[in-house]
Amino acid sequence: MKPLTADEIVVMFLALGTLLAVARLFGEAAKWLRQPAVIGELLAGIVLGPTVLGTLAPDIMAHVFPADGRSHLVLEGLTTLAVVLFLLVAGMEVDLSTVWRQGRAAATVGMSGIALPFAAGFVGAYAFPAFLGSESDSNRVVFALFFATAMSIAALPVIAKTLMDLDLYRTDMGMIVIAAAIFEDLTGWMIFAVVLGMMGGGEDHGPGAATTILVTLVFAAAMLTVGRWTIDRSLPWIQAHTSWPGGVLGFSLALAFFAAAFTEWIGIHAIFGAFLVGVAIGDSSHLREQTRATINQFVSFIFAPLFFATIGLKVNFLTNFDPLLTLAVLLIACVVKIVGGFLGARFSGISRRESWSIGFAMNARGAMEIILGLLALQFGIIGERLFVSLVIMALVTSIMSGPIMQVILNRPKTRRFSSYLNSRLFIDPLKAVRRQDAITELAQAASEAAALEPAVIADAVWARERVLSTGLGNGLAIPHARIRGLRAPLVVAGIAPGGIDFNAPDGALARIILLILTPYEDSAAQLDVLAAVARTFARADLCEKAVKAGSYTEFLALVKQAEGP
Amino acid sequence: MADAPSRTILVLAARSPRAAAVIAEARRLAQALGAPLAVLHVGPDDADSRSALLRAIEDARCDPGGVELLIRQGRVEVVIAQSALERDVELVVAGALEREGVLQYYTLGSVARRVARSSPCPVLLVRQPRLAPEPYRHIVASVHYDAVSSAMLGLVFRLAREEACEVDIISEYESPGLNLMFGDALDSRQSEELRRRLHATEKLRLSAFVDAVRPEDVGVRLHCLPGRHGTATIEHVHKSNADLLCFPHSSAPLTFWDKLFRHGVEYALERLPCDLLLFRPQAARVEASEHQAGPG
């Protein structure tokens with residue numbers, strides 16, 4: 001074996017540099033349009049690949065991204081490394097204990113969200129393989145199984161983002177969806193591993209199909225039990241005896257590579273090993289948040305863009321675009337997944353409206369679908385036409401789940417925060433400069449409306465404040481208390497242009513101070529008002545603007561604007 | 001709390017040198033909670049055991065007339081479950097060793113932990129029982145936002161009031177899926193913002209939750225800790241040098257699967273960083289109605 005020539009090395013770095021630069025650039029653009037970076041990265045590949053560059057300037061493309069030869073191999077090897085690392089990170093997000101603790105509801109939603117799409121996908125693909133883009137020579141059962149898996153997989157990060165945007169992440173419903181998505185992620189990959197195993201392992205090595213599947217399952221089970229346990233015990237030792245974070249990083253990556261080698265050797269793809277190692281490592285309570293973030297950063301900023309960009313190099317997205325097939329895939333995918341999630345949620349006793357939104361949340365496919373499709377393409381299970389359709393389906397479902405959920409859940413949940421405001425209960429500016437004085441001043445204003453002694457209010461609020469300071473960060477503080485004898489919730493808004501220290505986690509002085517009083521007997525009222533505040537003041541710039549409001553009318557207008565329509 | 005119905009504190013005593021100390025700790029808790037004390041021994045009912053246990057009760061400086069001695073046969077877990085059904089047991093107290101190895105879990109294991117895993121009522125594991133027990137200085141209670149947690153806080157506040165100790169209430173929150181999302185969709189400033197928002201919301205939730213059950217004369221500190229369930233709390237226990245850790249748990253027994261999937265409670269049970277109260281909801285129903293009747 002000869003070493004790489006200078007020319008080949010030049011081409012390699014030229015290719016890597018081009019891919020990374022264009023992918024990051026397009027990724028940033030996608031973020032700017034409030035879309036996942038993945039979309040931009042894929043587009044970068046499409047622009048650099050046969051679809052655009054290959055058509056406009058085939059010579060340049062052939063030179064930078066040669067279709068064969070040693071430079072091609074090198075790039076291929078690097079992208080395999082990239083996707084293995086990506087799956088390691090994805091695995092690290094699979095938190096089994098979350099699924100376990102969410103219990104039956106998550107399991108029901110997850111099962112139903114997998115079972116229905118899987119069954120429907122299998123039947124459909126088995127009955128109409130040609131229509132769904134099966135290549136004539138591929139195995140009918142394997143194709144149907146793959147299609148079924150492609151229909152049932154979920155994208156955890158996209159779902160998490162959507163829930164976060166809608167302020168549903170920490171709700172009971174949000175946690176059920178997250179747990180169900182984790183469950184589906186894990187199950188989906190296991191099923192796909194089995195499907196690949198059914199291809200009969202590799203051609204020249206490895207055992208037969210049955211053995212491959214058996215070994216896969218045993219390996220997965222061992223990794224999720226003994227492997228997890230061993231890693232959890234080893235991490236403290238590694239962290240104690242090696243330099244940080246080098247030791248843990250080296251350990252994690254080496255382990256992932258070994259597992260990748262093993263799963264590739266038994267006839268399924270290398271990524272499964274990395275994914276399982278990711279699950280096992282990510283589950284350890286000894287893995288520091290910072291280590292996780294470090295691995296995460298270099299993978300999602302360097303390797304993931306590289307990988308997603310190379311996808312576009314492999315396939316011509318224009319000539320292989322089949323509108324009818326794409327539409328069919330998109331329709332089937334949405335219907336089966338949404339109905340599956342909906343039914344699962346209904347079974348676990350969740351309201352109809354929330355069940356629909358759970359269905360739509362689970363519908364997002366994202367990057368996982370694309371990787372799944374790419375693997376199937378490489379293994380010859382599907383053709384390029386179906387691959388293109390799957391990629392488009394993954395992107396469309398990811399983009400649409402957020403807005404649709406917003407529409408479904410757009411209900412008058414609780415009272416709006418602005419409805420608590422009152423021009424007589426607005427103090428601008430506050431005279432106080434200290435926390436306790438500010439509370440006294442606000443309590444003074446509240447006392448008339450509440451028909452209570454100012455001292456009673458101030459004492460209750462101050463007692464509350466000492467237990468847990470109410471500075472929320474971003475210049476907002478919400479001293480509050482439940483008051484005996486109060487009839488209805490009461491909010492006094494005070495503006496302190498100079499800022500008052502309410503001990504906020506970000507260290508910023510509070511400039512908007514909202515005194516929130518609720519009836520003692522009604523603990524739900526307090527939650528309602530506080531939730532309304534949290535929703536309204538979620539945006540960092542609101543406080544900034546509100547301080548400069550100048551009058552009650554302008555303040556109210558700003559709050560109303562922040563609340564949205 | 002004189003008007004509250006007196007519910008029994010049941011202490012599990014083996015014939016070991018530690019028995020007297022465990023009984024002494026239980027006596028202290030019974031006094032603090034104003035509850036009658038019963039000593040349960042599982043084993044043969046002969047004169048020998050009886051005299052040994054009576055001696056232990058005496059060593060623990062209990063009033064012999066005020067303590068009920070029960071001697072039963074069978075598997076300890078089953079006996080406890082039966083006793084809890086027969087009488088109104090508020091709390092089972094048992095002595096436990098500090099750390100449980102894997103082998104112990106899969107073989108016989110410590111009796112106290114087996115009881116804790118399966119008991120239908122709250123169990124308090126005492127790690128270092130002393131013949132001259134001292135009141136708790138610092139209680140850490142981990143809560144979820146549910147009825148079991150409120151009931152547990154009811155017990156914690158009663159104890160805290162009597163023993164005049166500090167109470168830290170902790171809510172742990174995990175954020176699965178966020179790391180990947182941060183890389184994909186946000187820059188680090190945005191993700192920092194999101195984390196802060198998550199924390200602020202959590203803080204509000206916790207304070208509203210605790211406010212609903214906190215009696216006015218008990219001071220508490222609230223903490224919202226990001227991290228794996230169980231881990232962050234135990235870290236806090238170590239840091240704050242607390243001597244009682246309280247976890248709520250459903251009425252379901254803890255099984256092998258909970259250990260496998262790392263249930264936070266299992267994590268605490270295995271490590272036992274200090275005394276551990278595992279609170280179960282059977283007592284919760286009574287407690288909750290009591291609480292509603294209480295302030296008014």
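The entries below go from the overall layout to single residues.

**Entry 1: the model and chain A.** I note at the outset that this is a predicted model. I began with chain A, where I found 22 helices and 6 strands, and where the C-alpha trace spans about 85 × 55 × 55 Å along its principal axes. Of the 565 residues in chain A, buried residues make up 56%.

**Entry 2: domains of chain A.** The domain assignment gives two entries for chain A, with domain 1 covering 87–289 + 318–409 and domain 2 covering 417–563. Taken over C-alpha atoms, the centres of domain 1 and domain 2 of chain A are separated by 45 Å.

**Entry 3: the nonpolar cores.** Which residues have the most contacts inside the largest nonpolar core? I found W189(A), F192(A), I371(A), I382(A) and I169(B), in a core of 193 residues. Helix α9 of chain A, residues 172–198, gives the largest share of this core, with 16 residues. Another core lies apart from it and has 37 residues, including V79(B), A116(B), A242(B) and L272(B). As background, I wrote down that nonpolar side chains tend to be buried together in soluble globular proteins.

I then went back to I382(A) and listed what it touches beyond four places in sequence, which is E135(A), F143(A), F146(A), G373(A), A376(A), L377(A), F387(A) and L390(A).

**Entry 4: cysteines.** How many disulfides does the structure hold over all chains? The count is 0. I took C165(B) as a case to reason through: the closest cysteine sulfur, in C246(B), is 9.2 Å from its own, so the two are too far apart for a bond. C165(B) is buried, with a relative accessible area of 10%, and C334(A) is likewise buried, at 11%.

**Entry 5: a β-α-β unit in chain B.** I followed strand β2 of chain B, residues 37–42, which pairs in the parallel sense with strand β3 of chain B, residues 67–72, over 6 bridges. Within this pairing, H41(B) has I71(B) in β3(B) as its bridge partner. Together with helix α2 of chain B, residues 47–59, the strands β2(B) and β3(B) make a right-handed β-α-β unit.

Entry 6: P36(B) sits in the loop between α1 (19–33) and β2 of chain B. Is P36(B) buried, exposed or partly exposed? Its relative accessibility is 36%, so P36(B) counts as partly exposed. Leaving aside neighbours within four places in sequence, P36(B) is in contact with S6(B), R7(B), T8(B) and I9(B). I also noted that the C-alpha atoms of P36(B) and L254(B), 218 residues apart along the chain, are separated by 28 Å.

V76(B) belongs to helix α3 of chain B, residues 76–86, and V76(B) is buried, with a relative accessible area of 14%. Not counting residues up to four places away in sequence, V76(B) touches L12(B), V42(B), V111(B) and V115(B). From V76(B) to V213(B), 137 residues apart along the chain, the C-alpha atoms are separated by 34 Å.

Entry 7: I found a cis peptide bond joining D428(A) and P429(A), with omega about -5°, and P429(A) is in the loop between β1 (426–427) and α18 (435–450) of chain A.

A451(A) is not a glycine, yet its phi is positive, about 55°. A451(A) lies in the loop between α18 and α19 (454–467) of chain A, and A451(A) is exposed, with a relative accessible area of 66%.

L272(B) also has a positive phi in a residue other than glycine, near 50°. L272(B) lies in the loop between α11 (264–271) and β10 (275–279) of chain B. Where A451(A) is exposed, L272(B) counts as buried, at 0% relative accessibility.

Definitions and conventions. Residues numbered from 1 in each chain as written. Chains lettered and ligands numbered in written order. Predicted model: local features only at pLDDT ≥ 70, side-chain atom pairs only at ≥ 80, totals over all residues. Heavy atoms only, no water. Domains from an automatic or database assignment. Disulfide = S-S within 2.5 Å. Buried < 20%, exposed > 50% of the residue type's maximum accessible area, 1.4 Å probe, protein only. Core = buried A, V, L, I, M, F, W, Y, C linked by side-chain atoms within 4.5 Å. Helix = DSSP H or I, 4+ residues; strand = E, 2+ residues; numbered from the N terminus. Contact = heavy atoms within 4.5 Å. Pairing = 2+ DSSP bridges. Right-handed = clockwise from strand over helix to strand, strands pointing away.
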